[in-house]
Amino acid sequence: MYFNKYPHRANFSFVETFDSESGQVTAGRRVFSASVASHEGDVYHVRVSNPEVWAESCGLSQLDVPRRANRQRLKAGDDFELTLLGKDGKPLLTGRFGVSGEASMFLFELGGEARFYGMGEKLFNSVELSGYRTKFWNTDVWGDFHFGQWGDHPSDPPYFSLPYLIAKIGEEYVGLLLHNPYPTFMETPGTDESRVFVEWQRTSENLILGSEGGEPNLWVIYGPSLKELTRKFQNLIGTTPLPPAWSLGYHQSRWGYGGHDDLMRLDEAFTNNKIPCDGLWLDLDYMDGFRIFETNPKNFPEGVQATAESLAKHDRRIVPIIDPGVKYEPGYRVYDDGHQQGVFCRNQEGSEFVGLVWPGETVFPDFTEPKAREWWQGYVQEFAESGFAACWIDMNDPSTGPVDPSGMLFANGTVPHAAHHNDYSLGMQQATFEGFKRARPHERPFILSRSGFIGSSRYSAIWTGDNLANRFYLKSSIPTSINMSISGQPFHGADLGGFGGDVTDELMTDWMKAHFLSPFLRNHANRGTRDKEPYAFAEPLMSVLRRYIRLRYKLMPYLYNLFALHEEEGDPIVRPLFYEFDDAGLDKLNDQFLVGPSILQAPFVEEGAKKRSVILPGTEPWFDAATGEWLEPGTRTARAGKESTPLYIRSGAIIPMQPGTPTDNRKELREVNLHLFMPPAWSGDSWYEYRADDGISYAYANGARSVLDIRVAAVDGNLAIATELTEDGFGKIVPTFVIHGDPKTVRLNGAEVRLEKNKVTLTGKPLPVTVVG
Ligand code: GLC
């Protein structure tokens with residue numbers, strides 16, 4: 001696989017004739033069937049097939065396709081020219097289809113000025129993606145590239161492939177998905193001269209989306225807004241089911257924690273330092289000689305269950321790593337069993353394909369086969385029952401070490417590697433998810449995976465793999481998070497502070513402040529690197545790190561509700577500012593983002609910066625969470641503070657928080673503080689629907705959920721709040737209103753109420769609030 005070589009359009013034959021009656025197109029010397037199917041919501045499926053060229057398969061990822069519809073916004077003309085019409089009936093995109101052997105390409109002309117976003121996980125340092133050529137092929141970055149390529153600039157492709165592109169043409173958003181697990185590629189027009197050293201590095205003036213093999217299945221989704229587009233797209237590929245609340249807590253990991261003793265030491269340190277921490281993670285060290293599903297008994301003298309029970313006293317859970325590679329060792333029960341049942345991938349000679357991973361020679365379960373997934377589930381079930389709460393699946397790119405993976409075949413040696421390289425990890429996620437469900441049918445599983453594909457959103461959170469403790473990785477983590485969020489993988493995060501290398505005090509603080517609300521938050525470190533647990537840093541840094549972990553737990557009801565809403569609607573947790581606001585130029589911001597609709601972060605990412613500029617969008621003032629000031633929208637200057645970070649809250653926002661300052665893992669969702677942010681002499685209204693459930697089981701889906709509807713209306717600072725418990729399946733919700741602002745009068749459900757003055761600390765000094773109990 002060449003990462004940096006792309007098929008060129010001149011080597012393709014484009015369709016010359018299209019018979020719309022028979023649906024046949026001719027391209028070069030071959031004839032294909034071609035169709036455009038229209039589905040509800042302006043979702044279109046363009047399919048070109050010819051069983052002699054491509055097997056009929058989109059791999060393991062299933063789409064939830066909306067019903068057929070008659071809308072004809074996307075039309076195929078005489079030579080199968082695809083035209084997508086915009087609001088005013090003018091073409092937004094016109095595209096031609098071409099083939100070159102097994103490769104295929106859609107070549108689009110754009111009907112106006114275009115900007116690009118999405119592309120799933122890319123470690124590029126900008127949100128906007130004009131002028132890129134990129135491939136989608138899951139890689140083990142540290143294994144497949146030389147250090148010089150990933151030390152401190154983008155290496156591409158990374159671990160996780162989601163071949164989806166968002167084009168904003170004029171003011172309308174269009175999504176393009178290549179539903180094909182084969183290696184795919186994209187090229188966006190653009191003129192970023194800084195990336196053009198020689199002329200041929202300039203990208204095409206056309207937009208190109210193509211595949212190196214596999215049946216071409218292109219999905220075209222019309223927004224027109226980014227929010228509408230994202231919802232449609234997320235529902236097509238699958239929303240993320242509501243995760244267990246504990247998975248949204250803080251997680252502590254390190255390559256080097258071995259077992260019981262280390263876990264108890266961590267438990268004690270987090271408890272003594274009053275730092276919440278839900279997940280304690282085990283890397284390879286807990287295994288017996290890198291054998292998966294074999295826990296070294298020396299590391300757990302009384303068994304995993306005993307340790308799990310001790311940790312449960314403080315509400316902590318153990319999350320171990322599992323790799324797909326099974327040690328190739330006759331006599332090892334997992335190998336013997338898999339061998340006997342014939343579940344491992346084969347090579348061209350028909351024997352088991354062998355790669356070189358942690359244990360040395362390894363074989364790989366063929367996750368594309370139901371039989372192998374079933375087999376894997378059994379081991380996961382046993383593993384979960386032994387005391388592990390969740391699981392971290394790694395190296396599923398699949399990494400085969402220095403061995404060329406192209407010899408790793410699927411379906412008993414009959415299907416080429418390229419056909420499933422990109423969705424191998426999806427099969428592993430499915431099987432692991434099901435294994436946990438088998439062990440604990442009523443509990444929502446939690447899985448973290450390194451690689452993934454279209455539809456991984458249904459099973460797994462994704463972390464962005466091996467990053468480094470440097471400024472490049474901190475900076476690029478923001479555009480990466482934004483683009484993953486709008487590409488259908490909302491549950492993700494980067495290793496906090498960087499996995500490789502020794503983090504400096506300043507970088508650790510900046511990283512924590514930037515990402516303390518990341519959808520997934522795990523502090524992980526390579527072996528041999530500096531200790532990085534929050535309490536390993538000397539004061540005053542330790543208290544700053546702790547403050548932000550506690551603030552995450554304070555905001556847990558907000559985060560959890562964002563996930564609940566995501567499952568229902570499809571909106572991501574992290575959002576670019578242009579998801580909610582139309583101001584010009586917002587897509588040039590690579591260091592600002594929203595968490596949900598109401599929290600805006602503009603963290604410090606440059607080394608030693610004392611101040612930075614912040615764009616506050618829209619027309620209403622923003623609340624500065626550090627100072628309590630209300631700031632008019634526009635360009636502002638934020639000054640660096642030891643404890644504070646630039647974080648702003650939208651006018652009229654209602655944000656549910658836990659009461660007080662959380663010092664442990666408690667997540668009381670029913671007793672909630674509803675913080676209302678009202679600017680001085682505010683006239684306006686606002687609405688929020690707050691959900692509470694048990695945070696762990698599926699009972700919420702069968703009615704065991706309570707929903708509180710909150711409506712707020714203000715006239716010149718006189719506030720009326722109305723609440724209604726619209727669902728009570730999880731009992732009563734007891735709200736306390738905490739008002740940031742100075743209301744003249746407050747009426748709650750029609751009655752005037754007593755107001756109490758108090759103080760609340762968010763990112764800076766204690767702020768005065770008015771409490772309505
Ligand atoms: C890979 C993972 C990393 C893990 C290491 C050892 O590099 O990406 O997170 O610590 O393997 O298992």
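Threonine 239 touches Gln234, Ser457, Arg458, His566, Glu567 and Gly570, residues up to four places away in sequence not being counted; contact here means heavy atoms within 4.5 Å. The model is a predicted one, in which local features need pLDDT of at least 70 and side-chain atom pairs count only at pLDDT 80 or more, while totals for chains, interfaces and linings use all residues. Residues are numbered from 1 along each chain as its sequence is written, and side-chain values use heavy atoms, with hydrogens and water left out.

## Threonine 239

Threonine 239 sits in the loop between α3 (226-237) and β16 (250-252). Helices (H or I, at least four residues) and strands (E, at least two) are DSSP runs, numbered from the N terminus. With a relative accessibility of 17%, threonine 239 counts as buried. Buried means under 20% relative accessible area, exposed over 50%, and partly exposed in between, using a 1.4 Å probe and protein chains only.

A polar atom of the threonine 239 side chain lies 3.4 Å from the backbone oxygen of glutamate 567. A polar contact is a pair of N or O atoms within 3.5 Å; within protein, one must be able to donate a hydrogen and the other to accept it, and residues adjacent in sequence count only if both atoms are side-chain atoms. Proline 572 is 333 residues from threonine 239 in sequence, yet their C-alpha atoms are 9.4 Å apart in space.

## The ligand and its surroundings

Around the ligand are Trp255, Asp283, Leu284, Ile321, Trp358, Trp392, Asp394, Arg450, Trp463, Asp466, Phe499 and His524; a residue is listed if one of its heavy atoms lies within 4 Å of the ligand. By class, this shell has seven nonpolar, one polar and four charged residues. Ala, Val, Leu, Ile, Met, Phe, Trp, Tyr, Cys and Pro count as nonpolar, Asp, Glu, Lys and Arg as charged, and the others, Gly among them, as polar.

| Residue | Ligand atom | Distance |
|---|---|---|
| Arginine 450 | oxygen | 3.0 Å |
| Aspartate 466 | oxygen | 2.6 Å |
| Histidine 524 | oxygen | 2.9 Å |

Taken alone, the ligand exposes 310 Å², and the protein buries 97% of that. Accessible areas come from the Shrake-Rupley method with a 1.4 Å probe; for residues, only the protein chains shown count as cover.

Aspartate 466 belongs to the loop between β26 (461-463) and α9 (471-486). Its relative accessible area is 13%, so aspartate 466 is buried. Leaving out residues up to four places away in sequence, aspartate 466 touches Trp142, Tyr159, Arg450 and Phe499.

## Helix α7

Helix α7 covers residues 370-385, 16 residues, and reaches 22 Å from its first C-alpha to its last, close to the 22 Å expected at 1.5 Å a residue. The expected span is 1.5 Å times one less than the number of residues in the helix. The buried residues of α7 are Ala372, Arg373, Trp375, Trp376, Gln377, Tyr379, Val380, Gln381, Phe383 and Ala384. Their cover includes β19 (291-295), β20 (317-322), α6 (333-341) and α8 (424-439). Just after α7, glycine 387 takes a positive phi of about 130°.

## Backbone features in loops

Methionine 395 and proline 398 lie in the loop between β24 (391-393) and α8. Phi of methionine 395 is near 55°, a positive value in a residue other than glycine, and at 6% relative accessibility methionine 395 counts as buried. The peptide bond from aspartate 397 to proline 398 is cis, with omega near -10°.

Another cis peptide bond joins aspartate 156 and proline 157, with omega about 0°. Proline 157 is in the loop between α2 (147-150) and β11 (164-169).

Aspartate 716, in the loop between β40 (706-715) and β41 (718-728), has a positive phi of about 45° although it is not a glycine. Aspartate 716 is partly exposed, with a relative accessible area of 42%.

## Proline 633

Proline 633 is placed in the loop between β34 (630-631) and β35 (634-639). With a relative accessible area of 23%, proline 633 is partly exposed. Neighbours within four places in sequence aside, proline 633 is in contact with Leu616, Pro617, Gly618, Thr619, Glu620 and Pro621. The C-alpha atoms of proline 633 and aspartate 192, 441 residues apart along the chain, are separated by 29 Å.
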